[in-house]
Amino acid sequence: KMESMDNKQNIINVALNLFADKGYDAVGVQEIVDKSGITKPTLYHYFGNKEGLLKVILDENFFELNRLLKKFAEYKNDLPNTLTQLAKAYFEFAQEHSVFMRMQISLSFSPKDNDAYQLVREHLMDQFAIFRDMFIMASKQHGNMRGRELLLATSFLGLLNTSLSLNFGYDVALSDEFIYKIVHQYSHGIYS
């Protein structure tokens with residue numbers, strides 16, 4: 001039983017790294033099984049197919065990430081603090097799960113008809129709803145935000161993902177000082 005869990009986790013880890021490095025569509029089942037040291041029937045036994053494997057990777061990681069974000073998105077009448085805590089939680093998760101975050105960001109830019117995009121989209125929509133709902137709560141205190149909650153959620157999540165992309169591609173440090181600066185800059189725009 002323990003060996004089968006190790007096999008399953010090994011397949012997940014290998015596939016996650018391949019998908020992040022090469023892109024989901026560029027990786028075939030044969031490459032996954034070769035690098036995992038298993039046979040195709042073993043992969044099919046655990047996941048059904050490559051899409052089933054991606055679904056498990058997305059479900060497990062987004063469950064953890066979105067649960068964390070939901071916790072920090074609870075609005076307590078202090079928008080700058082809420083945004084700072086959300087950004088910190090997002091970036092800390094990204095640092096601990098950098099391969100997954102690179103993969104999911106790239107999948108979010110896949111063509112809309114792509115199977116991988118369809119799988120990641122539902123999780124991104126859940127994530128978007130967490131941010132939107134936080135801004136809806138904040139707009140009760142900040143009337144100038146009413147009617148702009150969708151735009152605010154989109155732009156803040158976009159800012160976080162762009163910051164991650166800079167971190168992954170150009171080693172921009174996601175320090176407390178960096179978080180303060182982006183939240184401060186972002187806040188100037190939303191209070192106008």
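Reader: What share of the contacts in the protein, between residues at least 6 apart in sequence, join residues at least 24 apart?

Author: The share is 66%. A contact here means heavy atoms within 4.5 Å. The model is predicted, local features need pLDDT of at least 70, side-chain atom pairs need pLDDT 80 or more, and totals for chains, interfaces and linings use all residues. Residues are numbered from 1 along each chain as its sequence is written, and side-chain values use heavy atoms, without hydrogens or water.

Reader: What makes up the pattern of the protein, read along the sequence?

Author: The pattern is α-α-α-α-α-α-α-α-α. There are 9 helices and 0 strands. Both are DSSP runs, numbered from the N terminus: helices are H or I with at least four residues, strands E with at least two. The C-alpha atoms fill a box of roughly 60 × 35 × 30 Å along the principal axes.

Reader: Why does Thr82 count as buried?

Author: Thr82 has 5% relative accessibility. Buried means under 20% relative accessible area, exposed over 50%, and partly exposed in between, with a 1.4 Å probe and protein chains only. Thr82 is therefore buried. Thr82 sits in helix H5. Leaving out residues up to four places away in sequence, Thr82 touches Phe72, Ala73, Glu74, Tyr75, Lys76 and Met134.

Reader: Why does His123 count as buried?

Author: The relative accessibility of His123 is 9%, so His123 falls under the cut-off. This residue belongs to helix H7. Beyond its neighbours within four places in sequence, His123 contacts Leu58, Asp59, Phe62 and Asn66. Across the protein, 44% of the 192 residues count as buried.

Reader: What makes Asn7 buried, exposed or partly exposed?

Author: Its relative accessible area is 24%, so Asn7 is partly exposed. Asn7 lies in helix H1, residues 2-22. Asn7 is in contact with Ile38, Thr42 and Tyr46, leaving aside neighbours within four places. Asn7 and Arg146 are 50 Å apart, C-alpha to C-alpha, and 139 residues apart in sequence.

Reader: What stands out about the phi of Asn77?

Author: Its phi is near 60°, a positive value in a residue other than glycine. Most residues other than glycine have a negative phi. Asn77 is in the loop between H4 and H5. Its relative accessible area is 56%, so Asn77 is exposed.

Reader: How do you know how H5 and H8 pack?

Author: Lines are fitted to C-alpha atoms over the stretch in contact, and angles run from 0 to 180 degrees between N-to-C directions. For H5 (residues 79-96) and H8 (residues 149-170), the angle is about 35° and the axes are 11 Å apart.

Reader: Which hand does the crossing of H5 and H8 have?

Author: H5 passes H8 in a right-handed crossing.

Reader: Which residues of H5 and H8 meet?

Author: From H5 come Leu83, Leu86, Ala87, Tyr90, Phe91 and Ala94, while H8 brings Phe156, Leu157, Leu160, Asn161, Ser163 and Leu164. They divide into 10 nonpolar, 2 polar and no charged. Nonpolar covers Ala, Val, Leu, Ile, Met, Phe, Trp, Tyr, Cys and Pro; charged covers Asp, Glu, Lys and Arg; the others, Gly among them, are polar.

Reader: Why is a space called a pocket?

Author: On a 1 Å grid over the protein atoms alone, a pocket is an open set of points with protein on both sides within 12 Å along at least five of seven lines; a cavity is a set where a 1.4 Å probe fits but cannot get out. Lining residues have an atom within 4 Å of a point. The largest pocket holds about 420 Å³. That volume is the space filled by probe spheres set on the points, which are joined across faces, edges and corners.

Reader: What lines the largest pocket?

Author: There are 16 lining residues, and Ser108, Leu124, Thr154, Leu157 and Asn161 lie nearest the centre. Helix H6 (98-107), helix H7 (115-139) and H8 each give two or more residues. The lining has 7 nonpolar, 8 polar and 1 charged.

Reader: What makes up the lining of the second largest pocket?

Author: This lining has 4 nonpolar, 1 polar and 5 charged residues. Glu64, Arg67 and Lys88 are among them. H5 gives the most, with 6 residues. The space is about 170 Å³.

Methods:
Left-handed = near helix turned anticlockwise from the far one by under 90°.
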